[in-house]
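Hello,

Here is the structure I said I would pass on.

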Amino acid sequence: MTQQAEASQKLKPHKIWQDGHMPQPCAIVIFGATGDLAQRKLLPTLAHLMHDHPLPQSFCIVAFARRPLDDEQWRAMALKSINTYMPEDDRLDEEGQKQFASHLFYCQSTFEDSQGYQKLKQLLEKLDREQGTAGNRLFYLATPPETDSQIIAQLGAAGLSHPGQGAENGHEEHGNHSNNHGKSWARIIIEKPFGHDLATAQKLNRDLGRVFRENQIYRIDHYMGKETVQNILAFRFSNGIFEPLWNQRYIDHVQITVAESLGIGTRAEFYESEGAIRDIVQNHIMQVLCLTGMEPPVAFDAEAIRDEKVKLLRAINPLTPDEAKQDVVRAQYVAGEVDGKHVVGYKEEQGVKPDSTTETFVALKFFIENWRWEDVPFYIRTGKRLPKRSTEVTIQFKRVPHQLYKPSETKGLVPNRLTIRIQPDEGIALKIGAKVPGAANQLSSVDMSFSYNQAFGIESPEAYERLIADCILGDSTLFIRRDEIEASWRIIDSITKVWKQLPPRRCILIKLEPGGLLRRMGCLSAMDVPGITLSCLWHDAAEARVYIS
Ligand code: BG6
């Protein structure tokens with residue numbers, strides 16, 4: 001057994017329901033239930049929630065899908081998924097599996113067929129009567145984005161955007177978010193990608209708004225479900241010593257990196273139309289950025305927090321065409337070695353066009369135009385097939401105003417740097433200068449470190465677990481509001497529009513040799529090289545444009 005496995009075995013289980021906030025019975029209807037997301041993430045998460053936390057007995061999972069299956073076949077399929085994708089130490093025993101399967105139901109229909117939604121309505125009413133789901137419905141759209149509007153309209157036409165009459169005193173919930181004890185509810189979760197650009201996101205928002213009220217809509221971004229992402233707020237607003245320094249007077253620049261070692265796997269069709277900027281920057285990175293840069297909210301509630309996130313996004317000016325050309329670098333991975341194994345380049349991946357210009361790597365710089373962040377560059381990077389998986393936020397503080405020590409004595413010194421490690425090895429490190437023991441005045445940078453596992457000894461909930469639980473409780477704090485998603489697309493559009501207009505030969509695609517050029521761009525380990533700051537690495541990146549393919 002590896003040390004890591006040994007350590008994780010010792011972690012104590014977490015609590016997902018707070019005292020006094022217990023989930024109500026409900027039926028969760030999964031659209032796209034036979035798809036990848038449902039099989040890999042949603043079913044294992046629901047099985048875990050049901051078994052370990054647990055969900056109420058009167059909780060049902062309904063698959064709405066086109067394959068001709070009956071309840072028993074769907075149950076067999078779902079059990080196969082949970083046995084494949086649940087972590088080994090979390091798998092259900094035979095009795096647990098039997099229990100889980102007894103909560104599963106299948107409704108066969110295409111997404112276009114209005115009869116199918118009537119069938120679904122009848123099934124949900126039957127579950128209210130026979131299983132006690134109390135008229136509460138949660139619709140989960142784990143579907144390709146082009147089908148979303150169709151499903152939403154059909155749900156509306158079938159009257160399914162209103163809760164059923166199942167609750168004894170069944171009334172619709174009002175107010176913004178609450179557990180609404182005793183009242184029935186209907187909610188909808190929409191997976192990313194939410195639109196392909198600002199116009200399509202606005203259209204989807206309008207389609208949703210015709211059928212559901214905003215407080216019924218839960219736009220999901222699984223990064224918001226990560227403990228380490230939520231901890232950015234806790235860290236900033238519960239420590240008196242950092243917040244006074246969290247501004248342009250003391251911070252030199254901020255870096256946000258989402259580096260993945262995996263390639264695109266079998267998702268070529270999806271990835272070809274999204275690229276790194278839509279797949280990661282528009283959603284996950286923007287969320288991390290919001291929490292890192294926003295002002296303190298007036299309260300820890302959904303509206304106050306999301307108000308501040310929107311204000312921050314609005315303070316980022318869309319990039320001008322010149323900025324979009326100068327300050328954004330995109331690239332594709334080429335063939336190389338990962339963990340000693342040969343991996344193919346992006347263009348050779350199955351399903352990718354040989355002349356594809358889709359970016360698998362993007363790095364960009366922008367500014368937040370407000371009092372706190374004036375003139376502080378934010379550097380953002382993400383890519384697939386990078387040398388190692390690492391998601392982190394780095395706050396680089398300014399150098400001391402006057403250095404007492406000679407340059408030869410401070411060679412090993414970097415400015416103070418705070419690194420929030422979102423994954424893996426979740427934790428926070430602060431680099432500080434210290435004197436190397438001995439007679440000479442030799443200074444070096446050392447780390448003050450916090451590690452989640454060591455500090456708390458409690459396993460963190462999976463992102464989807466937290467988010468599904470919150471939606472069942474009616475808490476939308478970690479979900480994305482309508483204006484927020486549109487504000488984020490406005491920034492991304494300013495880049496992708498310029499890319500679209502560039503004649504193909506002027507598309508700048510750097511060939512990233514795994515581990516080579518990337519290190520020079522300061523993506524990962526080079527960040528720790530003393531004396532190197534990202535701004536000079538940024539120049540490096542610009543020079544690297546000579547590697548145009
Ligand atoms: C998804 C992207 O939203 O996030 C994937 O579509 C990416 O391409 C994944 O791999 C990364 O999530 P995580 O939680 O592994 O960082």
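A residue counts as buried when its relative accessible area is under 20%, as exposed when that area is over 50%, and as partly exposed in between. Please keep in mind that this is a predicted model.

A search of the whole structure finds 17 aromatic pairs. One of them joins Phe31 and Phe64: the ring centres are 4.8 Å apart and the planes meet at 45 degrees, so this pair counts as tilted. The two residues come from distant parts of the chain, 33 residues apart. Phe31 belongs to strand S1 (residues 26-31), while Phe64 belongs to strand S2 (residues 59-65).

Is Phe64 buried or exposed? Its relative accessibility is 0%, so Phe64 is buried. Phe31 has a relative accessibility of 0% and therefore counts as buried.

A second pair to look at is Phe450 with Phe456, which is edge-to-face. Here the distance is 6.1 Å centre to centre, with 85 degrees between the planes. Phe450 has a relative accessible area of 24%, so it is partly exposed.

Phe31 and Phe64 belong to a cluster linked by ring pairs, together with Phe111, Tyr117 and Phe139.

There are also charges over rings. In the cluster, Phe111 has Arg66 over its face, 5.5 Å from the ring centre. Elsewhere in the list, Arg75 lies over the face of Phe105, and the distance to the ring centre is 5.3 Å.

Regards

Technical notes:
Residues are numbered from 1 along each chain as its sequence is written. This is a predicted model: local features need pLDDT of at least 70, side-chain atom pairs count only at pLDDT 80 or more; totals for chains, interfaces and linings use all residues. Side-chain values use heavy atoms; hydrogens and water are left out. Rings of Phe, Tyr and Trp (its six-membered ring) pair if their centres lie within 6.5 Å; planes under 30 degrees apart count as stacked, over 60 as edge-to-face and the rest as tilted. Helices (H or I, at least four residues) and strands (E, at least two) are DSSP runs, numbered from the N terminus. Buried means under 20% relative accessible area, exposed over 50%, partly exposed in between (1.4 Å probe, protein chains only). A charge sits over a ring if NZ of Lys or CZ of Arg is within 6 Å of the ring centre and within 35 degrees of the ring normal.
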